[in-house]
Amino acid sequence: MNKPQLPQWITPLVIAVALPTIACFAYYSLDELNSTGQLGVENRFWTPAIILSYPASLIGLIGLITTHYSPQKSIMKYCLWSICILIPMVFLLLVRT
């Protein structure tokens, strides 16, 4: 069985690009909500969900790509990883609007 190979330089590049975006996205999302007054004292329990939603969607994207390149493709895995991408993104869209 012939397994597709990713170039070895791609993993460090993805890590170098993705890690700073996680911190920046969470910081600016929380800053925007605090400056507009949408995230009041009574809504502080949303903070961990806002911070973790972008990394969760990135994990879903990695899982979707891994499933796509897997020799044993599964519709169930495609659906699971798609849900792992969509739920955090919909949450972020609802929070930021």
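How many disulfides does a search of the whole structure find? It finds 0, a disulfide being a pair of cysteine sulfur atoms within 2.5 Å. Keep the cysteines in mind; two of them return later in the tour.

**Before you start**

This is a predicted model, in which local features need pLDDT of at least 70, side-chain atom pairs count only at pLDDT 80 or more, and totals for chains, interfaces and linings use all residues. Residues are numbered from 1 along each chain as its sequence is written, and side-chain values use heavy atoms, with hydrogens and water left out.

**Stop 1: the whole chain**

Show the protein chain as a cartoon. There are 3 helices and 0 strands; helices (H or I, at least four residues) and strands (E, at least two) are DSSP runs, numbered from the N terminus. Along the sequence the pattern reads α-α-α.

Now colour by pLDDT, the predictor's confidence in each residue, from 0 to 100. The chain average is 79, and 84% of the residues score at least 70. Among the elements, α3 has the highest mean pLDDT, 89. The lowest mean, 76, belongs to α1.

Switch to accessibility. Of the 97 residues in the chain, 23% are buried. Buried means under 20% relative accessible area, exposed over 50%, and partly exposed in between (1.4 Å probe, protein chains only).

Then look at contacts, meaning heavy atoms within 4.5 Å. Of the contacts with a separation of 6 or more, 61% join residues 24 or more positions apart.

**Stop 2: the largest nonpolar core**

Select Leu-30, Leu-33, Ile-50, Tyr-54, Leu-58, Phe-91, Leu-92 and Val-95. These 8 residues form the largest nonpolar core. Such a core is a set of buried Ala, Val, Leu, Ile, Met, Phe, Trp, Tyr and Cys residues joined through side-chain atoms within 4.5 Å. The elements that give two or more residues to this core are α1 (10–36), α2 (47–69) and α3 (75–96).

Centre on Tyr-54. Which residues is Tyr-54 in contact with, leaving aside its neighbours within four places in sequence? They are Thr-21, Ile-22, Phe-25, Met-89 and Leu-92.

**Stop 3: along α2**

Go to Ser-53. A kink of about 35° lies here, shortly before the proline Pro-55. The bend at a residue is the angle between axes fitted to the seven residues ending there and the seven starting there.

Highlight the buried residues of α2: Thr-47, Ile-50, Ser-53, Tyr-54, Pro-55, Ser-57, Leu-58, Gly-60, Gly-63 and Thr-67. The next stop takes three of them in turn.

**Stop 4**

Ser-53 is buried, with a relative accessible area of 4%. Beyond its neighbours within four places in sequence, Ser-53 contacts Pro-88, Phe-91 and Leu-92.

Move to Ser-57, also in helix α2. Is Ser-57 buried or exposed? It counts as buried, because its relative accessibility is 5%. Not counting residues up to four places away in sequence, Ser-57 touches Cys-84, Ile-85, Pro-88 and Met-89. Draw a C-alpha to C-alpha distance from Ser-57 to Pro-88: 5.9 Å in space, 31 residues apart in sequence.

Next comes Gly-60, another α2 residue. Gly-60 is buried, with a relative accessible area of 0%. Setting aside residues up to four places away in sequence, Gly-60 touches Trp-81, Cys-84 and Ile-85. Its C-alpha is 6.7 Å from that of Ser-82, 22 residues apart along the chain.

**Stop 5: across to α3**

Select Ile-85, in helix α3. Ile-85 is buried at 19% relative accessible area. Apart from neighbours within four places in sequence, Ile-85 contacts Ser-57, Gly-60, Leu-61 and Leu-64.

Ile-83 is partly exposed, with a relative accessible area of 46%. The C-alpha atoms of Ile-83 and Gly-60 are separated by 7.8 Å, 23 residues apart along the chain.

**Last stop: the cysteines**

Show Cys-84, the residue touched by Ser-57 and by Gly-60. At 28% relative accessibility, Cys-84 counts as partly exposed. Finish on Cys-79, partly exposed at 41%.
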